[in-house]
Amino acid sequence: MTQLNVVDTAKKLWSSKDEIAKNIWLAGLGAYGKSIDEANRVSDKSSTLFEELVAKGAKIEESAKAKLSDKKISTDVLENRVNQVFTKISGVDSTKVDTLNAKVDELTKAIAELKK
C-alpha cells in the first residue's frame, strides 16, 4: 500500500466517523424536537379539556340555579344542608361550635366584669 492510499483511507475513515457523529447529533436534536412537539400537543389537549370542563360546569351551575329558584328552597333549608355536609366531612357539629362560641362570649363578659 502506498502512502497516498493510506492517507486516502485515513481521510475516508475520519470522514465516515465525522458523518456518524453528525448523524448521532442530528438524531438527538430530532428526538428533542419531537419531544417538544409532543409536549405542546399534550398541553393543547389539556387546555382544551379544561375549557370543556369549565363550559360544562357553567351549564350545570345554571341548571342548579334554575332548579333552586324553581323549588324556592329557603336559605334555612340550604344552610341546614350545608351544615349537614360540613358535619359529615369534618366530624364537627356546627351547633356544638355555636354553643361553645356562646359560652366563650359569656366567659369573656364575666372576666370583663371581674376586671372592673
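Glu38 is partly exposed in this predicted model, with a relative accessible area of 39%. Its partner is Arg41. The two residues form a salt bridge, and their closest N and O atoms lie 2.4 Å apart. Side chains of opposite charge can pair when their charged atoms come close. Arg41 is also partly exposed, at a relative accessible area of 46%. Both values sit between the 20% limit for buried and the 50% limit for exposed.

Arg41 and Glu38 are 3 residues apart in H1, so about one helical turn separates them. An α-helix has 3.6 residues a turn, so residues three or four places apart point the same way. The count for the model comes to 1 salt bridge.

Helix H1 spans residues 3-71. Leu26 is found in this helix. Leu26 counts as partly exposed because its relative accessibility is 43%. Together with Trp25 and Leu29, Leu26 makes a nonpolar surface patch. The patch covers about 330 Å².

The overall fold is described by helices. The protein chain has 3 helices and 0 strands. From the N terminus on, the order of elements is α-α-α. Helix H2 covers residues 75-90. H2 has 16 residues and reaches 22 Å from its first C-alpha to its last. This is close to the 22 Å expected at 1.5 Å a residue. Just after H2 comes Gly91, which takes a positive phi of about 80°. Helix H3 spans residues 94-115.

Surface values were computed for the chain as a whole. Of its 116 residues, 1% count as buried. The protein chain exposes about 10800 Å². Carbon and sulfur atoms supply 62% of that area.

Confidence was then examined. The mean pLDDT of the protein chain is 81. A value of 70 or more is reached by 89% of the residues. Confidence is lowest in H2, at a mean of 80. Confidence is highest in H3, at 86. Where pLDDT is low, the predicted coordinates should not be read in detail.

Conventions: Residues are numbered from 1 along each chain as its sequence is written. Side-chain values use heavy atoms; hydrogens and water are left out. Patches are made of residues with over 30% relative accessible area and no salt bridge: like charges are joined within 9 Å, nonpolar side chains (Val, Leu, Ile, Met, Phe, Trp, Tyr) within 5 Å. Accessible areas come from the Shrake-Rupley method with a 1.4 Å probe; for residues, only the protein chains shown count as cover. A salt bridge is a side-chain nitrogen of Lys or Arg within 4 Å of a carboxyl oxygen of Asp or Glu. Helices (H or I, at least four residues) and strands (E, at least two) are DSSP runs, numbered from the N terminus. Buried means under 20% relative accessible area, exposed over 50%, partly exposed in between (1.4 Å probe, protein chains only). The expected span of a helix is 1.5 Å times one less than its number of residues. pLDDT is the predictor's confidence in each residue, from 0 to 100.
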